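Keep the structure open beside the text and look for each part as you read.

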Amino acid sequence: MRAPILVINCGSSSIKYAVVSDAPSQPRQSGLAERLGGGDARLKGIDADGHEFSRPLHGADHTEAMAAILDALSGPAPAAVGHRIVHGGERFTAATRIDPAVLRAIESTGALAPLHNPANLIGVRATLELFPELPQVAVFDTAFHQSLPPRAYRYALPQHLYARHGIRRYGFHGSSHAYVSERVDHLSNRPHGGWLIAHLGNGCSTCAVWQGRSVDTSMGLTPLEGLVMGTRSGDVDPGLHAHLSRQLDWSLERIDTLLNRESGLLGLSGLSNDMRRLEQAAAEHHCGAELAIEVFCYRIAKSLAALSCALPRLDGIVFTGGIGENASAVRARVVEALPHFGLRLSAAANAATVGGQEGRIDADDSGPELWVIPTDEEGQIAFETRQLLSEAPA
């Protein structure tokens, strides 16, 4: 068995980690260091024996949290570190080994992902300090979507904004869409065809995949474009910004906060961004929860229908992400809103496929297939990291 890959997903106040072995039967060490910098900072996770643990970090910064993560790990030392980087711009079309020039290039894309890339870089620098001898690899959320054709990635804006400033659609959740599309090709009776993937979690996106390549996706320049999400609005009239500025004298920063942190399921329901809570409230006839779920599902179906235009043939739809994998009622509503696609949902299979289970949920082989496939972004990042290093010259 080869040495594992340590996968790091660093946020502004958290570090998510996983140790990914190439032995599928081995329990995966993983966890989350959260609320970093605060007195209630804590590390919680699953150890090499599959047991849960939790320990205080008492105001730890990212480097101290990384040291605590390393102290919690057991087994072979990692062969490399794979980092999730949200935005790679047009420069990065695949996983890339990190060196000073790559670090500078990632920094230069910070304006395209100001909530994500600077935080991702904190994790990179912390692990470089702790693991100066290990290969460090950046795996970009945007890389999988660099196969989009110009008709899908260009905005109808003046050419110079694209040429000089990179204003275009990039797409995100690339590691998830890459993993799921590869997995459904392996499982399906129709491999290497046309698939629509719905990654539904607190962040949501859809993707059209033809023969293993992304040909269109719902997210754009930033992860705000597209579907209704947990706290993000998704698509709105671009004139909304000017309207709020004129009518309410709101700043761009205030509008940005509204659209990213106060909207989506939370804003529609006035209750929560958690689908589990909303489904419970809707069952009790909470009007806001009922509306939030209805809009959420309709916008997913609308996006999938639009993205089908990018496919020469539709072989099926795959649901993934925390909501996509667990909310059978959401899946049923989305399928119901697409009657012209010839989809036939098996109510029994749909209801039974929850809790991280993988399975096919359509009723027969006469129409497009329907799948639930749990995503594995950490596994995909580890795979791309190992693949890059195995291809590097000795």
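Let us start with Asp249, which is exposed, with a relative accessible area of 69%. (Exposed means over 50% relative accessible area, buried means under 20%, and partly exposed lies in between, using a 1.4 Å probe and protein chains only.) You will find Asp249 in the loop between α7 (240–248) and α8. Helices (H or I, at least four residues) and strands (E, at least two) are DSSP runs, numbered from the N terminus. The phi of Asp249 is near 60 degrees, a positive value in a residue other than glycine. Most residues other than glycine have a negative phi.

His58 also has a positive phi, about 50 degrees, although it is not a glycine. His58 sits in the loop between β5 and α1 (62–72), and is exposed, with a relative accessible area of 62%.

## How to read the model

This is a predicted model, in which local features need pLDDT of at least 70 and side-chain atom pairs count only at pLDDT 80 or more, while totals for chains, interfaces and linings use all residues. Residues are numbered from 1 along each chain as its sequence is written, and side-chain values use heavy atoms, with hydrogens and water left out.

## The sheet

In what order do the eight strands of the open sheet lie? The order is β5-β4-β3-β2-β1-β6-β8-β7, and the pairing is mixed. Two strands pair if DSSP finds at least two bridges between them. At the edges are β5 (52–56) and β7 (96–97), each of which pairs on one side only.

β4 and β5 are antiparallel partners over five bridges. Look there for Lys44, which stands opposite Ser54 in β5.

## Two helices

Helix α15 (residues 377–391) has 15 residues, which at 1.5 Å a residue should span 21 Å; its end C-alpha atoms are 21 Å apart, which agrees. The expected span is 1.5 Å times one less than the number of residues. Among the buried residues of α15 are Gly379, Gln380 and Glu384. What covers the buried residues of α15 includes β1 (5–10), β2 (15–20), β6 (80–85), β8 (136–140) and α6 (174–187).

Helix α3 has 14 residues and reaches 20 Å from its first C-alpha to its last, close to the 20 Å expected. Its buried residues include Asn117, Leu121 and Val124. They pack against β1, α1, β6, α2 (100–108) and β8, where contact means heavy atoms within 4.5 Å.

## Two pockets

On a 1 Å grid over the protein atoms alone, a pocket is an open set of points with protein on both sides within 12 Å along at least five of seven lines, and lining residues have an atom within 4 Å of a point. Grid points are joined across faces, edges and corners, and a volume is the space filled by probe spheres set on the points. The largest pocket has a volume of about 1400 Å³. Of its 42 lining residues, Asn9, Lys16, Arg84, Asn202 and Arg232 lie nearest its centre. The largest share of the lining, four residues, comes from β2.

The second largest pocket holds about 1100 Å³ of space. It is lined by 39 residues, and the closest to its centre are Tyr179, Gly379, Gln380, Phe383 and Glu384. The elements that give two or more residues to this lining are β2, β8, α6 and α15.

Definitions and conventions: On a 1 Å grid over the protein atoms alone, a cavity is a set of points where a 1.4 Å probe fits but cannot get out, and a pocket is an open set with protein on both sides within 12 Å along at least five of seven lines; lining residues have an atom within 4 Å of a point.
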